[in-house]
Amino acid sequence: MDTMTTLNGIFCEVFDEESLQITRATTADDVDGWDSLSHTNLIVAVEMAFNVRFNLKDTRVLKDVGELVDLIDRKLAEKG
Amino acid sequence: MLFSSYIFLFVFLPAALLLYYLTPARGRNLALTGLSYFFYGWANPYFTLLLFASTAISYFCAVIMARRPGDPATKELPLLDDEAPVSLRQKAAFWLSIVANLSLLGFFKYFNFGLENLNALLVTLGLDHLQVEGLFRIALPLGISFYVFKTVSYTIDVWQGSVRATRNFADFACYVSLFPQLIAGPIVRYREVAAQLASRIHTSEKFARGTSFMCLGLAKKVLLADTCGKVADTCFNAATLSTLDAWYGLFAYTMQIYFDFSAYSDMAIGVCLMFGFVISKNFDSPYHADSFADFWRRWHISLSTWLRDYLFTPLNYMLLTDRVRERMVREKFRYNYPAIASSVVVFTICGIWHGAGWTFAAWGAMHGILLALEQLRTKKSAYWKWPKALRVCCTFVPISLAWVFFRAADLGSAFGYFGSLFGLAPKTAGTDLVAGVIYQPYYLLTVAAAAVLVWSAPQTWDFTRALTWRKATWCYVLLLISIATLVTKAHSPFIYAAF
């Protein structure tokens, strides 16, 4: 399963919406309930699913889903 | 010098515009800085030293942080790479700027408050003899909370590599001191205006839009906020109130603070536009919010985003320990513990930022608690199926109740007012006298008009976007009425100008 497909499942679970479909261009404005408060849930869910760990800067500068996917892929590559 | 004063409207602003547009383009930032320092020094010239100190410290520390040894002094400074190793010099510059700026704010804003509380604590402990006599009282420099937040955000942004440090001191001083935003915000980030400081376009459309922002802002302040304020002042200054009067007084204050701050934001944005600067929205129909989080996305946006970026997010991350992470996953994200704790802490700080007093802390804490409780409501909660109007009402009422803390002189008065709101206050001889003042038709009509405008009028932002002759005439008529009203009464300062 590729990063985007797994991530879509996480978004559905965290934002409690089974039919949610995300793309690389999806931003916080497009997802109902994605704000600075619920962002913590998203980050923890992503960390657990991909077995990676984000630092403060990683979580701060994300502009859209595309950047999150790139970040996950980078972290996975670093792990080898 | 306040935006709704004669001296600003009829002398300073026209003279500033004239001087600005007569100055050649490359000298305009310097001219604007000079005008801003004059504006700021009007009440107390010594306060300009603080403004200059905050500016100079942040500027030089940012240059030290960003400059690589050996680079020529003329070269554009690079963005800091946060992956690269940090030298002791860079670290020292960062902390010097943060500590110096926050110390300025801490000392000038919180010294008196700290001293009073220390003395009160000593009395409580029976150590009266150790009380510290107030050798001097610190006068609060206008706008210090706003410009210190600007310089702190610049320092952090440079440190984190999200903005390039500038070498141009005149541009940076212009950014920090820009008089339309100096007294009560918006807390514009440097990265938002950096390009505009280097070069900005002046058009007649921009100027006209700025003027209409000014007219509408002035009308909101003079015609609505100040009049609603009369009702609110009467109620909040009364010893006791009937339940109905207390709710009416609170509603009037809720309208007053809305129009007062909306007016200030409009005027600030309008004056910026007149000088060619385009800044973001600071106010987005906050009483249309249907949740507390939504309210904070709409009220004082430049402050709430500042708090989010520089306090909430780091604190949230700090609280995200391994144990907390595991627990959140185990409970299927039912409880967002870091966000719940961070909301309470950050909003209490937000309250104290507004004013050095326990009432402001209580106001902030109440908002933090409301936000924390809201975290427990899931997206599938029945609440979201209620009609929007009902959700707006359920958000508006607690927010109004929180304003009691914001407005009351002290905690005792706030609880007294809550007593009146819920029919617990004893009736005294003066209770009926209040009604004679607050139910005058002019006041009733103004408060009602304010309510209608809050929930049905277009935002100034949208109203002024495509300016037609008809809209311009409206603005002009409102300007004339506002000026005529100003003649008949003493102007009152903006509420946020006290922070």
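In the predicted model, chain A and chain B together bury about 2200 Å². Carbon and sulfur atoms account for 56% of that area. The contact draws 23 residues from chain A and 26 residues from chain B.

Charge pairing features at this interface. Four salt bridges cross between chain A and chain B. One salt bridge joins Lys380(B) to Asp16(A), with N and O 3.2 Å apart. Polar contacts between chain A and chain B number seven residue pairs, both residues being at pLDDT 80 or more. On the chain A side, the elements that supply two or more residues are α1 (3-14), α2 (39-50) and α3 (56-60). Helix α2(A) gives the largest share, six residues. By class, the chain A side that touches chain B holds ten charged, eight nonpolar and five polar residues.

Salt bridges were also counted over the whole model. The total over all chains is 20. One pair lies within chain A: Arg24(A) and Asp70(A), whose closest N and O atoms are 2.9 Å apart. Arg24(A) sits in the loop between α1 and α2 of chain A, and Asp70(A) belongs to helix α4 (residues 65-79) of chain A, so this pair ties together parts 46 residues apart in sequence. Side chains of opposite charge can pair when their charged atoms come close.

Chain B is divided into two parts, domain 1 (6-200) and domain 2 (206-498). Their centres, taken over C-alpha atoms, are separated by 26 Å. The contact between them involves 41 residues of domain 1 of chain B and 37 residues of domain 2 of chain B. About 3400 Å² is buried between the two domains. Of this area, 69% comes from carbon and sulfur atoms.

One salt bridge is found across the domain interface of chain B. The side chains of Arg189(B) and Asp309(B) meet in a salt bridge, at 3.1 Å from N to O. Between domain 1 and domain 2 of chain B, 18 residue pairs are in polar contact, with both residues at pLDDT 80 or more. Five helices of chain B give two or more residues to the domain 1 side: α1 (6-22), α4 (88-124), α5 (144-159), α7 (179-182) and α8 (190-198). The largest share, nine residues, comes from α1(B). This side of domain 1 comprises 29 nonpolar residues, six polar and six charged.

The unreviewed UniProt entry marks "transmembrane region" at residues 46-66, 92-111, 131-149, 335-354, 360-377, 442-461 and 473-496 of chain B. Two of these annotated spans, 92-111 and 360-377, are described here. Residues 92-111 of chain B are 100% helix and 0% strand. The end C-alpha atoms of residues 92-111 lie 26 Å apart.

Terms used:
Residues are numbered from 1 along each chain as its sequence is written. Chains are lettered from A and ligands numbered from 1 in the order in which they are written. This is a predicted model: local features need pLDDT of at least 70, side-chain atom pairs count only at pLDDT 80 or more; totals for chains, interfaces and linings use all residues. Side-chain values use heavy atoms; hydrogens and water are left out. Domain bounds come from an automatic or database domain assignment. Contact means heavy atoms within 4.5 Å. Buried area is the accessible area (1.4 Å probe) that two parts lose on being put together, summed over both. A polar contact is a pair of N or O atoms within 3.5 Å; within protein, one must be able to donate a hydrogen and the other to accept it, and residues adjacent in sequence count only if both atoms are side-chain atoms. Helices (H or I, at least four residues) and strands (E, at least two) are DSSP runs, numbered from the N terminus. Ala, Val, Leu, Ile, Met, Phe, Trp, Tyr, Cys and Pro count as nonpolar, Asp, Glu, Lys and Arg as charged, and the others, Gly among them, as polar. UniProt positions are given in the numbering used here, feature names are shortened, and annotations may be inferred rather than shown by experiment.
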